[in-house]
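Please open the model in your viewer and keep the selection panel at hand, as this tour moves from one selection to the next.

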Amino acid sequence: PEALARGFGRLGEVSPAFVDEFLRPQGLALEGPIAHVMASIGPQPLAGMLIFRRKGCRPIDDSDLALLDALEPHLARAYAIHCRLAEARHQERALREVLDRLPSGVMLLDKDARVVLSNRSADFILSLDDGIRLEDGRPRLSDPQRDRAFQPLLADAAQMRAERGRACGKTLSVVRPSGRRSFASMVSPLLAAPPGTSLREA
């Protein structure tokens, strides 16, 4: 009912099947719960809260409803935060799946040049320990001379933002001690983070 979107109220009669299958086995009072719709899409409820009284406990009165109505904004805010976190987790899983399908190794670094995200290809390359490795979470090259040129590239990329429409990034060959073909690497800053994203520190 629309009234349940404005505050907590009691639902009407419950069916005998609901009494036998849920209320009695749970030791709950044989009456409808109080309820509130937390979120909806048009007239269709999306999320809500039901509170049942235990058998033998005092009846729920107006003071209980007033307390729950005072708590309702906090409950609604908690639900909204949960939805945003769930969406962020979904986006992260989708991003990881896309990155893992790339044949090239990809590593995302934070402002301190530490790896915060890597795809499967990058993990495989690092597992070879043949030219590039992680040291204290930072990519390092096996060749000291090339690593001295590599580290400033990482530091610069971590501290700047690329502009849309402009090519940005520098390449470096990663020599492999095994003698196999060198890895071709490119170091590039991210584009400026879109509003509302969590990539400001990456």
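Select β4 (107-109), β5 (115-118) and β6 (132-135), against which the buried residues of α3 pack; packing here rests on contact, meaning heavy atoms within 4.5 Å. This is a predicted model, in which local features need pLDDT of at least 70 and side-chain atom pairs count only at pLDDT 80 or more, while totals for chains, interfaces and linings use all residues. Residues are numbered from 1 along each chain as its sequence is written, and side-chain values use heavy atoms, with hydrogens and water left out.

Now select helix α3 itself (residues 120-128), whose buried residues are Ser 121, Ala 122 and Leu 126. They lie on the same side of α3 because they cover an arc of only 135° around the axis, the arc being that of the directions from the helix axis to the C-beta atoms. On the other side of α3, Arg 120, Phe 124 and Ser 127 are exposed. Buried means under 20% relative accessible area and exposed over 50% (1.4 Å probe, protein chains only). Just after α3, select Asp 129, which takes a positive phi of about 50°.

Next, colour the open sheet, where three strands follow the order β1-β2-β3 with antiparallel pairing; helices (H or I, at least four residues) and strands (E, at least two) are DSSP runs, numbered from the N terminus, and two strands pair if DSSP finds at least two bridges between them. The edge strands, each pairing on one side only, are β1 (9-10) and β3 (44-51). To see how β1 meets β2 (residues 34-41), look for the two bridges that join these antiparallel strands, and select Arg 10 with its bridge partner in β2, Ile 34.
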